[in-house]
Structure formats: C-alpha cells, structure tokens
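Thanks for coming, everyone. I would like to walk through one structure this morning, beginning with a single residue and ending with the way the chain is divided.

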Amino acid sequence: MSAAATAGAVLVLNAGSSSLKYQLVQPDTEEVFAEGIAERIGDHDASITHEQAGSKTTEIRAMPDHLAAVEFMMGLFAEGGIDLGTAGLSAVGHRVVHGGRTFYEPTLITPEVISEITRISSLAPLHNPANLIGIAAARELLPDVPSVGVFDTAFFHALPDAAATYAIDRGVADLHAIRRYGFHGTSHEYVSGQAAEFLGRPYDDLHQIVLHLGNGASASAISDGAPIDTSMGMTPLEGLVMGTRSGDLDPGIVLHLNRVVHLGVDQIDTLLNKQSGLKGLCGENDFRTITEKMDAGDESARRAYDIYINRLRKYIGAYMIQLGRVDAITFTAGVGENAASVRADALADLEMYGIRIDAERNALRSREPRRISTADSAIDVLVIPTNEELAIARQAAEVVGSSSAG
Ligand code: ADP
C-alpha cells in the first residue's frame, strides 16, 4: 500500500495488563487499514490476531512484553504492505484508563505527562501501568510519531459534586483523591453524540441514558450535553453486574472477606474483579454461552441473567428520576448491540413511563445505528455500535493538528 493512503492515519493502541488491542484508522474517512489483538503477553504461547486487507491471521509465539508485541505487530503490518515507520502516521492514540483529576482532555504525551500518569497510577494499579508500557513501546519503536493519551475518565470529569462524592470522611477522601471518576467515557461520549445525530437533534438539548454493556459495563445519565451521573466510580468495579466484576456491593463484604474469611487484599481484588459478576454467578461471562445455557434450562445461568437485569433496571430507574425527562435510551457494546433479550428485559413493562419496544425491530440484527422503540414510544430507544478506536483516533488527530497549527 502506498504511504499516501495511510498519510494522516492514527495508530490506536489499547494496552491491557497482558493484552494489546490496536487499529490503524484514518480519522476523516473512518477507513480501517488493519486491526488486531495480542493476548497473553508475557507467556510463551502469546497470540496475535491481525486483520489487514481482508485477510485474518493468528500467530502463536513467545512475546515477553508489550515492546515485543508492538514489534511483532509492526512486522505483521509490514507483511501486509504497511511500514508503520514511513506510513505518514499523524499520531499514536493511546487509551489511558485513569486520568485522575489532572487529565480531562486528550493530551500530547511528553516526559512530564508520563510522570503524571505514573503518579496517578495508584488510582488504577491494574490499568495505568499497562497503558504506560504501551506508550513507552510506541515512543521507542515509532519515535517520530507523536503519542496522544485519551483518558477513559475524561468525559466524566465535571460530574456534579453530589454525584462524584462518596459519603465518607471528607479529609480522608480529599487527601487520597477518593471520588467517583467514571470510566468508558470515550464510549459514552461517542455514543451519545451519535444518538443526537441519529435523532437529528442538538446534543445540548437532549436528556439521554447510555448503557454500555460489554464485558465491562456502565451506565450514564447525560443532561443537556453533560453527564450528570455514571455507574462506575473511583475504579471500574462499581455499578452494573459485569462479565467478571461484581459491580455494586456492600463495602462491609470486603471487610468480612478480610476479617472473617482471611482473604488478603490481592485475593479480594481477584475475587471481585476476575471471579465475580456473571462468571462468579454461573461460571460463564460470555452472554452467548449464558443465553444458550438458559435456553437449555440451566438454572444458574438463568439466575445470573436475572441478577444482571435487575441491577440494570435499578440504574435505568434511578437515571430516569435524576434526568426528569428522558429523550433517548441507547444500548451499546458487545451485549448491548447484540443481545436482543437483554434490551427487551431491561425495558420490559415500562409503558407507563413512555417506553415501548418494538419486538420486530429489536430482533433485527444490524451493525448500523437503529431505533428499536415503537413509533408511539415517548422515549426513543436506540442501538448504536460504539467505536472507541475511531473516537480515540479523532481526538488524537485533533490534538496533533492543533499543536502543529500553532
Ligand atoms: P469489552 O470491550 O468490554 O471486552 P465487548 O464490548 O467487546 O467487551 O463485549 C464483549 C461481550 O459481548 C462478550 O463477552 C459477550 O458477552 C457479548 N457478545 C458479543 N457478541 C454477542 C452476541 N452475538 N450475543 C450476545 N452477546 C454477545
């Protein structure tokens, strides 16, 4: 491929503790040149799945660290005809999970910014260090391409004080930056923007609820263009029932697990983040398997599903009251975009609140933004595919464009 085609494209990197998702995308035309994911980084049998020019390959090989994964990824790009070093990339856009109170706009990565992200890593010890490794790898292997950090917390930085504050000792909270930050912000912002576009209405006039239901899951309430509440808190553990995370629970449980069950902090961390949620309840965290099991009469899958839906309805109800008037409720991410039964059950029997789902529209499978409510539903219910990579690429390109412009 000629470098002209990729000139201005953004390489989006989303580094997790043992994974690296990536996409090379042209922010203006939305053309995706290649994408992939490296998993089990650090293991002798790490794998990388790479899709470029219509062909998809999976390779298994040892990748000791993220630097090796980025190097290997660059090799796969080159095999497909794209030399990332000379492709004319405008930026590498990094998803950074926690921006703390410092970062609420996409930010050009400099040594000072790296120091500050490192400093606030204590707020997201599972996530930010991995993001930093991705940043370091990109800076080493693509030294001429500027890196931009796009923060998952940014969209929620101005949550009203009443929504952002935990009811604990103020001195302790202030000293240790304990407050609700919210996550999945890039997705909530993108999807709520797309919803306004779909409805042909000004973003700033709309009252919206966005339900991002993926493996991680979160809900947000957006009033006149600004989020007023969201379900994730100081960490991505709070809120909805997720694939492997518990979401809300009585903090007394943590004390009990430590004091009575004698689990250490790391064990409790693993229990609540990796062995809870749907997985903890029924042994599965993939909704496709859970649905199959439920259809086959599996009781624990049914129970997990009911608990998931119950929590979701609780948040929807709370946000309807907080917003006062709701114009649109939008489902997004893996579960929200694909699981018609979740959408139907989350909003079942709410006709008296102006919500009517059209069963036929809801059952339709599509990758396009769509309305699944009936024509006479007072509230529009939408399904809008999220695209965090595109959102990150656009924001990164904007930062680089404005910094080079002056
Ligand atoms: P994340 O980015 O948080 O890893 P995704 O948004 O990709 O998550 O969502 C992943 C989840 O979406 C899977 O775990 C699965 O439960 C669900 N999912 C994906 N496809 C389908 C489908 N066709 N039907 C039901 N659920 C699905």
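Predicted model: local features only at pLDDT ≥ 70, side-chain atom pairs only at ≥ 80, totals over all residues.

Let me begin with Glu-116, which counts as buried because its relative accessibility is 18%, and by buried I mean under 20% relative accessible area, with exposed being over 50% and partly exposed in between, using a 1.4 Å probe and protein chains only. Residues are numbered from 1 along each chain as its sequence is written, and side-chain values use heavy atoms, with hydrogens and water left out.

Glu-116 sits in helix α3, residues 111-119, where helices (H or I, at least four residues) and strands (E, at least two) are DSSP runs numbered from the N terminus. Setting aside residues up to four places away in sequence, Glu-116 touches Thr-102 and Phe-103, contact being heavy atoms within 4.5 Å.

Once neighbours within four places in sequence are left aside, the contacts of Leu-237 are Met-242, Arg-245, Ser-246, Gly-247, Asp-248, Leu-272 and Asn-273. The C-alpha atom of Leu-237 is separated by 25 Å from that of Gly-93, the two residues being 144 apart along the chain.

Now to the charged pairs. The structure holds 14 salt bridges, each defined as a side-chain nitrogen of Lys or Arg within 4 Å of a carboxyl oxygen of Asp or Glu. One of them joins Arg-325 to Asp-327, at 2.8 Å from N to O; here Arg-325 is partly exposed at 39% relative accessible area, whereas Asp-327 is buried at 9%. Arg-371 and Asp-380 also meet at 2.8 Å, N to O, with Arg-371 partly exposed at 32% and Asp-380 buried at 17%. In the salt bridge of Asp-358 with Arg-361, the closest N and O atoms are 3.7 Å apart, and Asp-358 is partly exposed at 22%, as is Arg-361 at 32%. Arg-180, Asp-229 and Glu-238, for their part, are linked in a network of salt bridges.

How is the protein chain divided into domains? The assignment gives domain 1 (3-151) and domain 2 (201-388), with bounds that come from an automatic or database domain assignment. Their C-alpha centres lie 28 Å apart, and the contact takes 4 residues from domain 1 and 5 residues from domain 2. The area buried between the two is about 420 Å², with carbon and sulfur atoms giving 53% of that; buried area here is the accessible area (1.4 Å probe) that two parts lose on being put together, summed over both. Leu-123, Leu-126 and His-127 supply 63% of what domain 1 buries against domain 2, more than any other three residues.

Finally, how many salt bridges does the rule find across the interface of domain 1 and domain 2? The rule finds 0 there.
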